[in-house]
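My notes follow the structure.

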Amino acid sequence: MSTLSELLAEHTDLPGAAVDHLQRVVGDWQLLADLSFADLTLWVGAGPVSDGADVVCVAQCRPTTAPTVHPEDLVGGLAAHDDHHQVFDALISGDIVRVDVDSEATGVYHPHPVHAVREAIPVRVGDDVIAVLGRDTDVQRRKMRSNLEVAYMSCADDLCQMVNDGTFPTLEDRTGSHSSPRAGDGFIRLDTEGTVVYASPNALSAYHRMGLQNDLVGQDLALTTRSLITDPFDAQEVVGDIQAALAGKAGRRMEVEARGATVLLRTLVLRPHGELAGAAVLVRDVTEVKRRDRALLSKDATIREIHHRVKNNLQTVAALLRLQARRTENEEARLALTESVRRVTSIASVHEMLSMSVDEEVDLDEVVDRLLPIMADVATVHTARIKVRRAGSLGVFSAERATPLVMVLTELVQNAIEHAFDAGEDGVVTIRSERSARWLDVIISDDGRGLPDGFSLEGSDRLGLQIVRTLVTAELGGSIGLHPGKDVGTDAVLRVPLGRRSAR
């Protein structure tokens, strides 16, 4: 099955910030589905919908708290206006649209035909509507009015309105959602003063295991929690986090211990239409899970230690090569050894990032920023007067693709430093990057003397450029070109596919 990134790359030209936001929405929407007792779908336009283009479903989520309304898989399917007119209306108007639908009239088999309410909630980034979140609920489910269901759906309505406002989820919310509690683990609703107005049975059980003797409803949650937690620093941190959520700041995920119990807490600020409406706290008792996870944590630590040792070994190799370069009198051999130092250092920097990562992903911006001073240090003698700058975000890549991409970038920057300027000449080399749903585009530009007459990238015998061509085509599935700059100098234009990789 195609991933969200692949479907966005195939059907849209959304900018990188919009893609990142949709990834955060999907990363947090199991909570929305469970609180809503509803199926969720994510729709984007396969073109300008005002011109008659279809919409495509790029993701789907079913609730764990209720039967599904959509037993069929919708992901990857195109829909015309007559099929889901509420999605089109929401995309165009920017308003939440709600319609009633009878499943028997849709022609789709369902073992128990349902009468559903379909909501189309525009997903905003800034002032732009980039997608629509579909929320489909069985009407019979909406008629149920237990205290738990009322509390769940009230919170879900607030969060869905915040999706429409463009205030949920935030980057901080996505960080908090990693391994965070689900609605069914334990749910607490707070009013604007921090008083508990509802606590689910599972949430109450978790607090009883922490040592609470009475009910939670009517209690100040921050003060009650502080009185139970063993570590005074953790207690104060939880109080600060709950109070911050009540003040409208993004909540987070925390792990606390009390009387031998380990509990996860995640706070969510509720601010529909920009007005504070209290907060929600998700609670999960992970005492037993924590014990089983220790073995996995040990395994992750071992993997990170391997990356750390690989990094140390590569740095040792680079140091030996650097020492040999200093003792070599042959200028050509010295330059070759110096370039090898730079290449080994680039790979070592990737492993250094992986030694600190828990998900085998690398932040390329951080790696490149670390390498820029190193590239200047190992360049030829005149490069002390060359400035190297970075503009735009390269983003996060898997370890498999990060290493060749870092190698390509360092080779192109080094090529500009060494060949674009005369000895002692001032100059600037700039790395400009722009991400979309489909591509990472990078331009390494310099203000030097430009390309020599008759230059051809394919015919060049420079080792660095040969390495670049091989890595770009064979490892990254992208394209590379060297062209005269707009006014002066040279532009190295790199394009790397994101989402689905190009065929090779």
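Entry 1, a loop residue. I located H70 in the loop between strand 2 (55-61) and strand 3 (78-79). Strands here are DSSP runs (E, at least two residues), numbered from the N terminus. I checked burial next: H70 counts as buried because its relative accessibility is 5%, where buried means under 20% relative accessible area, exposed over 50% and partly exposed in between, with a 1.4 Å probe and protein chains only. I then listed its contacts (heavy atoms within 4.5 Å). Leaving out residues up to four places away in sequence, H70 touches D39, Q60, R62, R118 and D136.

Residues are numbered from 1 along each chain as its sequence is written, and side-chain values use heavy atoms, with hydrogens and water left out.

I traced an open sheet of five strands in the order 13-15-16-18-17, with mixed pairing; two strands pair if DSSP finds at least two bridges between them. Strand 17 pairs with strand 18 (residues 490-497) in the antiparallel sense over six bridges. I looked up P484 and found T490 in strand 18 as its bridge partner.

The protein chain averages a pLDDT (the predictor's confidence in each residue, from 0 to 100) of 84, and 87% of the residues score at least 70. Over residues 104-112 the pLDDT is below 50. Where pLDDT is low, the predicted coordinates should not be read in detail.

Definitions and conventions. Predicted model: local features only at pLDDT ≥ 70, side-chain atom pairs only at ≥ 80, totals over all residues. Helix = DSSP H or I, 4+ residues; strand = E, 2+ residues; numbered from the N terminus.
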